[in-house]
Amino acid sequence: MNVGRGYRLSEFLIWTRRELYVLLALGVVPVCLYELAQWRWLTVPWTVVALIGTATAFIVSFKNTQTYGRTLEAQQVWGGILNVSRAWGLMSRDYVKNEQVTRQLVDRHLAWVTALRYQMRRQRAWESTGRRTNAEYQRHYCVPEQETTLESALARLIPPDELAVVLASRNKATQLMAQQSRAIQGLFARGDIVINFFIEMEKVLKELLDHQGRSERIKNFPYPRQYAIINTFFIRFFCVLLPFGLLKEFDGLNAIANGWMKGHMVWLVIPFSVMISWMYTTLEQVGASTENPFEGGANDVPIAQINRMIEIELRELLGDTDLPPLLRPKNNIIL
């Protein structure tokens, strides 16, 4: 997530420079054939191009609205995890009178949040971080899950016997939640907590599992591929046709032009076609970069920072003073 004022134009130009090279070639070739080779028939009616551009604009806006909705839902899910975690910390402190058991419940919860965020960072085939432009930009920020292993992150929170069971399981976050449920069931069986407290704590675990399921749904079910590919096809088709539709329009401006540009107005097709096409391709690229809010991209939901916020607040509830610091953004990017 970008926590600065925003991206600079220079960053956008560098990020989209490969598309600009292609768009420049698409603009130069038809103009050269039209003006130098005198292929005057090499035009497309502007009405056709305008209709395709209008349809493409609707498709691009639809996709970007949907992909932003996925990111917004991911923010809501992890905001909910933060809020419920606070409730869990208070219950663990106030319902359980054994300080050692309270710390175990809190540490196991922190292990669950850690395991969940590592699961969210696993790469999927449809994610866009593998694209060359995004892979290059990753050098400008840090992805915490790529700097440390899950085993080392969990080893400081749960004992070795629990760690071995968790690492051997398919869904590590669910396994940790099962151990948490077993722990509070044991507290109730020994009479350490009353039935009302037991029921409330189980309800919190169920709410956390609901958040986990929503987070996994966003991660494991991509934006429908049929909509994504038709969006790409329409944009490419429009970018190819646009210079051909502008040829006759700019050539007709020679009748009213004066000075050194008279007779050469058709060359303006190149910068204007590149500029218009770049707007479409950039919108498509932005939509693709927000489609998967847990992939490790610069626009991701900052789940590692939320994890750290949860740890700080819960440890503070337990009376700890040696608290870990919040993560520091690198080039205004925090994950």
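I began at T56, which touches F234, I235, F238 and Y280 when residues up to four places away in sequence are not counted; contact here means heavy atoms within 4.5 Å. This is a predicted model, in which local features need pLDDT of at least 70, side-chain atom pairs count only at pLDDT 80 or more, and totals for chains, interfaces and linings use all residues. Residues are numbered from 1 along each chain as its sequence is written, and side-chain values use heavy atoms, with hydrogens and water left out.

I placed T56 in helix α3; helices are DSSP runs of H or I with at least four residues, numbered from the N terminus. T56 is buried, at a relative accessible area of 0%, where buried means under 20% relative accessible area, exposed over 50% and partly exposed in between, with a 1.4 Å probe and protein chains only.

**α3 against α11**

I next looked up how α3 lies against α11, and found that their axes come within 8 Å and cross at roughly 150°. Axes are lines fitted to C-alpha atoms, for helices over the stretch in contact, and angles run from 0 to 180 degrees between N-to-C directions. The angle makes α3 roughly antiparallel to α11, the cut-offs being under 35 degrees for roughly parallel, over 145 for roughly antiparallel, 65 to 115 for roughly perpendicular and oblique for the rest. The crossing of α3 with α11 is left-handed, a term used if the near helix is turned anticlockwise from the far one by less than a right angle, with right-handed for clockwise.

On the α3 side I noted residues including W46, I52, T56 and F62, which belong to a contact with α11 residues, among them Y227, F234, I235, F238 and E249. By class, this contact of α3 with α11 has 15 nonpolar, four polar and two charged residues; Ala, Val, Leu, Ile, Met, Phe, Trp, Tyr, Cys and Pro count as nonpolar, Asp, Glu, Lys and Arg as charged, and the others, Gly among them, as polar.

**α3 against α12**

I then turned to α3 (residues 46-95) and α12 (residues 269-289), which pack at an angle of about 20° with their axes 9 Å apart. That angle makes α3 roughly parallel to α12, and their crossing is left-handed. The contact is made by G53, T56, A57, V60, K63, N64 and T67 of α3 together with Y280, L283, E284, G287 and A288 of α12. I counted its classes as five nonpolar, five polar and two charged residues.

**Aromatic pairs**

I found four aromatic pairs, with rings of Phe, Tyr and Trp (its six-membered ring) pairing if their centres lie within 6.5 Å, and planes under 30 degrees apart counting as stacked, over 60 as edge-to-face and the rest as tilted.

F188 and F198 form a stacked pair, 4.9 Å centre to centre with 15° between the planes. F188 sits in helix α9 (residues 172-189) and F198 in helix α10 (residues 195-220), 10 residues apart. F188 is partly exposed at 32% relative accessibility, whereas F198 is buried at 17%.

Because F238 lies in helix α11 (residues 225-251) and Y280 in helix α12, the pair ties together parts that are 42 residues apart in sequence. F238 is buried, with a relative accessible area of 4%, and Y280 is buried at 16%.

Definitions and conventions: Helix = DSSP H or I, 4+ residues; strand = E, 2+ residues; numbered from the N terminus.
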